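Hi everyone, thanks for coming.

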Amino acid sequence: MTDARRAIPSVDVLLASGEFVELLDARPRSLVIAALRRALEGLRAELAEGRRTAVPERAEIAEATRRELAAMETPSLRRVINATGVPLHTNLGRAPLPAAARAALETVSGGYSSLEYDIEHGARGSRHDHCSALLSELTGAEAALVVNNNAAAVVLALNELAEGLEVIVSRGELVEIGETFRVPEIIAKSGARIVEVGATNRTHPGDYEKAIGPDTGALLKVHRSNFQQAGFVSDVEIDEVAAIARRHELPVVHDLGSGMLPDAERAFGFPWEPNVRASLDAGADVVTFSGDKLLGGPQAGVILGRADLVGRLRRNPLLRALRVGKLTIAALEATLRLWRDLDVARAQVPALAMIGADPAALRERAERIARTLRERCREAEIEVAADVAEVGGGSYPGLELETWVLRIGVSGRSERELEVACRRSTPPVIGRLRGDALCLDPRTVLPDEEAEFIDSTTKALTGDG
Ligand SMILES: *Cc1c(COP(=O)(O)O)cnc(C)c1O
């Protein structure tokens with residue numbers, strides 16, 4: 001075995017041989033060397049583990065190098081087709097951007113921009129001004145500020161208002177959002193001390209009152225984005241928390257999570273996802289939410305609220321570390337403009353269109369796609385079935401969207417195998433397993449990627465990938 005391993009030619013000898021001419025043709029030599037070393041490592045391991053006995057031929061080594069190169073030349077961040085039916089899938093990048101936002105990115109990204117330049121006066125401007133007027137117009141907020149994400153928004157707000165002081169929060173609102181955002185930890189990192197009040201299931205106005213003392217910096221209310229409580233529960237609504245805070249001249253920060261701009265009832269026909277304007281009207285001094293949840297824009301954290309407080313946040317040195325870049329600003333501003341007209345937003349913000357999609361239309365589309373797939377993949381059994389999808393991204397916990405999926409089976413191949421084949425197809429199609437079938441939900445397949453979705457799925461189902 002060791003002899004066989006030793007018998008593999010050296011890197012220099014291999015690179016000088018005919019099999020490598022083409023590989024070296026249009027690439028930096030260092031890249032080919034790195035790929036070759038990886039290929040040799042793999043082959044040596046196979047020899048060492050007895051999975052291979054013969055010394056690999058040069059052609060074989062070149063082929064293994066080609067595979068390594070292909071892997072190294074594939075971007076790590078890749079586009080995938082979301083066939084999970086979950087519109088705000090956090091692992092798949094949450095909201096797909098509206099065409100207007102993509103156009104704005106195109107316009108701004110390739111050249112220079114007025115990021116921090118006041119064109120009118122030929123003077124220095126602020127990046128923080130670009131979206132603020134639009135946000136105030138849409139929400140009625142006195143002032144607005146945009147940061148990297150909602151977690152950053154909460155950290156900045158609490159750091160400014162309560163560093164070295166206490167933040168009072170209900171025990172029923174100590175939520176965890178997707179592993180890395182936990183309210184107690186975020187409060188600690190902002191430099192404030194948490195004071196928990198109430199019980200897991202019930203908090204009363206008196207609980208906040210009793211906890212307020214000379215060290216109180218702010219009251220915090222957090223939307224329970226990704227779970228619901230039922231049974232013997234009671235909550236103190238934002239208007240009441242705000243009234244208590246006002247009596248003690250303390251600010252209230254409301255972390256809304258998703259943050260609906262108009263009321264959700266009008267947007268989707270289903271209620272209860274908190275509305276930004278309602279929170280401000282109820283007396284929240286600072287409201288925060290994500291740009292890539294129900295707003296349907298880029299990753300960002302939107303901060304709205306009282307002009308004096310937002311002004312303080314703008315002067316906080318931490319803002320420099322949390323600020324957004326020009327690409328985010330371009331995409332967010334374009335997305336916000338669509339929200340001036342709810343009908344326009346519903347038609348042009350993809351996440352919104354997907355969430356609000358009409359089940360009858362979804363069924364028709366699924367049937368149409370199923371017919372094409374059946375023609376192309378004779379050996380597959382494809383059935384259109386009713387199912388439910390969630391909104392995702394910590395929005396609308398418990399809400400089940402009525403949806404229609406393709407339930408796919410191929411005899412002789414397990415549902416696991418089919419799921420893997422779809423995932424490894426080009427572009428990758430991400431579905432989910434339900435019982436003994438692979439389910440693909442066209443709800444989250446964008447209209448202009450439907451043909452690719454069908455092609456890629458066909459390759460996976462026919463083993464043609
Ligand atoms: C999603 C969410 C966050 C985190 O927002 P990011 O934009 O992902 O940083 C914080 N709080 C609540 C209530 C949320 O729903």
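**Around the ligand**

Let's start with a backbone: an N or O atom in the backbone of Asn150 sits 3.0 Å from a ligand oxygen, and that's a polar contact, meaning a pair of N or O atoms within 3.5 Å. Before I go on, this is a predicted model, where local features need pLDDT of at least 70, side-chain atom pairs count only at pLDDT 80 or more, and totals for chains, interfaces and linings use all residues. Residues are numbered from 1 along each chain as its sequence is written, and side-chain values use heavy atoms, with hydrogens and water left out.

Side chains join in too. Lys293 brings a polar side-chain atom to 2.7 Å from an oxygen of the ligand, and for Arg94 a side-chain N or O atom is 3.0 Å from a ligand oxygen.

So how much of the ligand does the protein bury? On its own the ligand exposes 390 Å², and 94% of that gets buried by the protein; those areas are Shrake-Rupley values with a 1.4 Å probe.

And who's in the shell? We have 13 residues around the ligand, with Ala151, Ser225, Asp255, Ser290 and Lys293 the closest; the cut-off is a heavy atom within 4 Å. Helix 8 (150–162) and strand 10 (252–257) are the elements giving two or more residues to that shell.

Stepping back, the chain has 21 helices and 17 strands, which are DSSP runs: H or I of at least four residues for helices, E of at least two for strands. Its C-alpha trace spans about 85 × 50 × 50 Å along the principal axes.

Terms used
A polar contact is a pair of N or O atoms within 3.5 Å; within protein, one must be able to donate a hydrogen and the other to accept it, and residues adjacent in sequence count only if both atoms are side-chain atoms.
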